[in-house]
Amino acid sequence: MIEAITKVNSFINGLVWGWPALILLGFVGVLMTCMTKFFQLSHFKHWVKNTIGAIFGDKHVTKHTEDKSISQFQSLCTALAATVGTGNIVGVAGAIAVGGPGAVFWMWLIAFFGMMTNYSENVLGILYRRRNDKGEWCGGAMYYLRDGLGGKKGCKTIGAVLAVLFSCFCLLASFGIGNMSQVNSMVSNVHTAFGIPTLVTGIILFLAVGLVILGGLKRIAAMTEKIVPFMVIAYLIGTLVIIFLHIKTVPAVFVSIFKGAFALKSAAGGVVGSGIALAMQMGMKRGVFSNEAGLGSSVMVHSSSNVKEPVRQGMWGIFEVFADTIVVCTLTALTILSSGAVDLGSGQLTAEAAEIGSNSLMSYAFSQTFGKPGAWFIALAILLFAYSTVLGWSHYGSTACEYLFGTKSVTVYRVIFVVIVLAGSVMEAQLAWDISDTFNGLMMLPNLIGVLVLSPQVMKCTQNYVDRRLHHKKVKPILSMFPDIQAEQEKGLSEDE
């Protein structure tokens, strides 16, 4: 049975993560960057001030709401909970092991353009979101595919079909990237570090996940708001200590990254030209797995925010990718490459590092500096990262389930999701990751089609915001594509001001 699943998954994975899909992913990011006039660079100071900077000075960003929405900071933490996961540790290590140090360069590049892909998804998510029968905001790729793409002349059917396909793929992906692969990484690392049986850890996770997600989005957001800042800061401090202790090797690390990105042969040898191709493919795949830009996933929680300006939430999307890949993934890569786990000349893993496997490279790097406590630290970091990812992705799956089957189906989905945690704890590691990659790609394709078709709307909304907020022109704000919601948000915007 497992062998059959592996063969089918390998075939589908080869299709959805082939070069045409990766080119489409890069093209959409480049297009949105150009259409918004390189917003992530030209308005760098503005989006930093209105995201991470606003946490310390704008009560509207962090204030808890009494209605069914969540705060902008909670939406960011829940989104980061879903993105800052094992992909930032195990995924980066796997990319380096297979694609060499050069994979890091391509991870950076896809993240730079991915900032504007994620921005565009969030802008569209707010523009096309609606309230459900409980008064909760519901938004995501399925909504802008149905109402945005489907609203184009002659596109009603294709929009509806793509919305359903995206929701189905998201539902399945929530069990892969958002559950099995995360749980599998947790239990294997805890077993390696502390010797605790995988099934025991799986049962504990089963209870810990169930207690939170069965309480709904409010409880998930409240938990991630507490976990995410602590776990990210603690992890960054640990990596910075190791990098500082190996500061003399950092220049050589950067040389190996740029050299490896354009090497004609891969780190493991092979035909001429295979080096660039493999580094590019692994960097892009693991980069997207980490930050999820282009998947249309995080927009589902960003759309639940109490924000009124679509561009404001879009800027949180830029920061999300920046924090996840440019900061966290980069520090992971620098830690591994400076620790001696990789021969910087050839780009290959050292014999000792190759023996322990790519999944344990960060444990190796930390234990080289801190001894056994270093391996314990990484095991706990993966535990927190993956646990928070499971919480975040449970909301994505709930949103897809609600779109497909209605509000009453969400409770059933959440129960099944919790049960799948046990399955993830005993599944073969490589298969869990491969299935996650496949579902990621299947989600990505309909979402990118939607972003591509609706790109003029993103550009128009962005220009409207820049005119009003930065150039102080008196023009009517674009807050929603639905007249009733537009009027409601305009009233709320004027009250906030």
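Student: At what angle do helix H2 and helix H8 pack, and how far apart are their axes?

Tutor: Two packed helices are described by the angle between their axes and by the distance between those axes. In this predicted model, H2 (residues 19-35) and H8 (residues 102-127) pack at about 70°, and their axes lie 8 Å apart. Angles from 65 to 115 degrees count as roughly perpendicular, so H2 is roughly perpendicular to H8.

Student: Which residues of H2 and H8 meet?

Tutor: From H2, the residues are Leu 25, Gly 26, Val 28, Gly 29, Val 30, Met 32 and Thr 33. Their counterparts in H8 are Ile 110, Phe 113, Met 116, Thr 117 and Ser 120. Sorted by class, the contact of H2 with H8 holds 7 nonpolar and 5 polar residues, and no charged ones.

Student: What is the handedness of the crossing of H10 and H19, and how many nonpolar, polar and charged residues does the contact have?

Tutor: H10 and H19 cross in a left-handed manner. Their contact has 28 nonpolar residues, 10 polar residues and 1 charged residue.

Student: Turning to charged side chains, how many salt bridges are there?

Tutor: A salt bridge requires a side-chain nitrogen of Lys or Arg within 4 Å of a carboxyl oxygen of Asp or Glu. By this rule the count is 7. One of them joins Glu 309 and Arg 468, with an N to O distance of 2.8 Å.

Student: Where in the chain do Glu 309 and Arg 468 lie, and are they buried or exposed?

Tutor: Glu 309 is in the loop between helix H15 (299-302) and helix H16 (310-338), while Arg 468 is in helix H22 (residues 455-470). The pair thus links distant parts of the chain, 159 residues apart. Both Glu 309 and Arg 468 are buried.

Student: Are the partners in the salt bridge of Lys 473 and Asp 467 buried, partly exposed or exposed?

Tutor: Burial is read from relative accessible area: under 20% is buried, over 50% is exposed, and values in between are partly exposed. Lys 473, at 46%, is therefore partly exposed, whereas Asp 467, at 14%, is buried. Their side chains meet at 3.8 Å, N to O.

Student: Which residue forms a salt bridge with Glu 490, and where are the two located?

Tutor: The partner of Glu 490 is Lys 476, and their closest N and O atoms are 3.9 Å apart. Glu 490 belongs to helix H23 (residues 483-496), and Lys 476 to the loop between H22 and H23, 14 residues apart. Glu 490 is partly exposed at 27% relative accessibility, and Lys 476 is exposed at 56%.

Student: Where is Lys 37 found, and which residues does Lys 37 touch beyond four places away in sequence?

Tutor: Lys 37 sits in the loop between H2 and helix H3 (39-42). With that sequence limit, Lys 37 touches Ser 42 and Gln 463. The C-alpha atoms of Lys 37 and Met 459 are separated by 9.2 Å, although these residues are 422 apart along the chain. At 58% relative accessibility, Lys 37 is exposed.

Key: Residues are numbered from 1 along each chain as its sequence is written. This is a predicted model: local features need pLDDT of at least 70, side-chain atom pairs count only at pLDDT 80 or more; totals for chains, interfaces and linings use all residues. Side-chain values use heavy atoms; hydrogens and water are left out. Axes are lines fitted to C-alpha atoms, for helices over the stretch in contact, and angles run from 0 to 180 degrees between N-to-C directions. Helices (H or I, at least four residues) and strands (E, at least two) are DSSP runs, numbered from the N terminus. Angles under 35 degrees count as roughly parallel, over 145 as roughly antiparallel, 65 to 115 as roughly perpendicular and the rest as oblique. Contact means heavy atoms within 4.5 Å. Ala, Val, Leu, Ile, Met, Phe, Trp, Tyr, Cys and Pro count as nonpolar, Asp, Glu, Lys and Arg as charged, and the others, Gly among them, as polar. Buried means under 20% relative accessible area, exposed over 50%, partly exposed in between (1.4 Å probe, protein chains only). A crossing is left-handed if the near helix is turned anticlockwise from the far one by less than a right angle, and right-handed if clockwise.
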